[in-house]
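Hi,

Here is the structure I promised to pass on. Have a look at it first, and then read on for what turned up.

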Amino acid sequence: MTINTKHLGRASGVAIMGGTFDPIHNGHLRTAVEILDRFGFESLRLVPCFQPVHKGLPSITAAQRLAMVEMAISSDSRLSVDRREIVREGPSYSIDTLKDIRSEIGPDEPLIMVLGMDSFLSIPTWADWQALIQYAHILVVSRPGWEPDLISELSAFCENYRAASSHELQCAPSGFIWLETLPSLEISSSMIRALRKKQESIAYLLPEPVQTYIIQNQLYQDNVTL
Ligand code: ATP
Ligand code: MG
């Protein structure tokens, strides 16, 4: 018999992790599975953006970034891809995405937006950023021993919404901030792009099928025009 935990007030929640995924790598993937293991959320959806708002345009197509995310997660049923930002096109504002997902999952289900600390620190530049917390919790992943100096605007935001325990993320649909320290893998998409540019190996930084796709399609090489 399956118990519907929603009716017991213990819905386990939907986690989302947005990104450019240019390309997806093991830093993203380890973070996703560690969050799932630690918090027991029902699922985690990776949400590739169409057009990043705060950095330059990706050097490959949205379809190629999406294809790599799909390949990377195919072996873990708890991970899925949410294509809505790519389908929507235009600049990918997180607030639009959260509103959209919230309207689909209903008012009671916990929705958890997972962010790396670097993304969290840039939150005050995001569209309608103070409203994000009305639609989702914010789960910030940081490295052990790293407590950054928050600018005053962000530290006031944290003080207002910081959860007393991580359990609160599962007891309310939105409204809490939680900082979780995870061992970090020093991998970034820019590192992978830079290695490709220098024609050095990207092995073991990302899943093998993704590596093969990059090589076969000659992605991130300066001397190739798309
Ligand atoms: P770039 O190097 O181009 O900035 P990136 O590696 O940071 O790319 P994004 O797609 O911009 O990748 O990141 C998506 C999300 O994943 C962000 O919230 C970011 O903080 C987080 N993230 C990126 N790299 C890691 C990592 N190694 N460990 C944990 N989280 C990460
Ligand atoms: Mg980054």
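Which residue forms a salt bridge with Arg84? The partner is Glu104, and the closest N and O atoms of the two are 3.0 Å apart. By salt bridge I mean a side-chain nitrogen of Lys or Arg within 4 Å of a carboxyl oxygen of Asp or Glu. This pair ties together distant parts of the chain, with Arg84 in helix 3 (residues 84-88) and Glu104 in helix 4 (residues 94-105), 20 residues apart. (Helices are DSSP runs of H or I with at least four residues, numbered from the N terminus.)

Before going further, a word on where the numbers come from. This is a predicted model, where local features need pLDDT of at least 70 and side-chain atom pairs count only at pLDDT 80 or more, while totals for chains, interfaces and linings use all residues. Residues are numbered from 1 along each chain as its sequence is written, chains are lettered from A and ligands numbered from 1 in the order in which they are written, and side-chain values use heavy atoms, leaving out hydrogens and water.

Back to Arg84 and Glu104. Arg84 counts as buried because its relative accessible area is 13%, whereas Glu104 is exposed at 53%. The cut-offs are under 20% relative accessible area for buried, over 50% for exposed and partly exposed in between, using a 1.4 Å probe and protein chains only.

Searching the whole structure gives twelve salt bridges. Another one joins Glu34 to Arg38, with 3.7 Å between the closest N and O atoms. Both sit in helix 1 (residues 26-39), four residues apart, or about one turn of the helix. Glu34 is buried at 14% relative accessibility, and Arg38 is partly exposed at 42%. Then there is Glu200 with Lys198, at 4.0 Å from N to O. Some salt bridges share partners, and these join Arg45, Asp82, Arg84, Asp100 and Glu104 into one network.

Now for the nonpolar cores, meaning sets of buried Ala, Val, Leu, Ile, Met, Phe, Trp, Tyr and Cys residues joined through side-chain atoms within 4.5 Å. The largest has 43 residues, and Leu44 and Phe41 are among those with the most contacts inside it. Helix 2 (residues 62-73) supplies the largest share of this core, seven residues. A second, separate core has 25 residues, including Ile16 and Phe120.

Cheers

Conventions: Helices (H or I, at least four residues) and strands (E, at least two) are DSSP runs, numbered from the N terminus.
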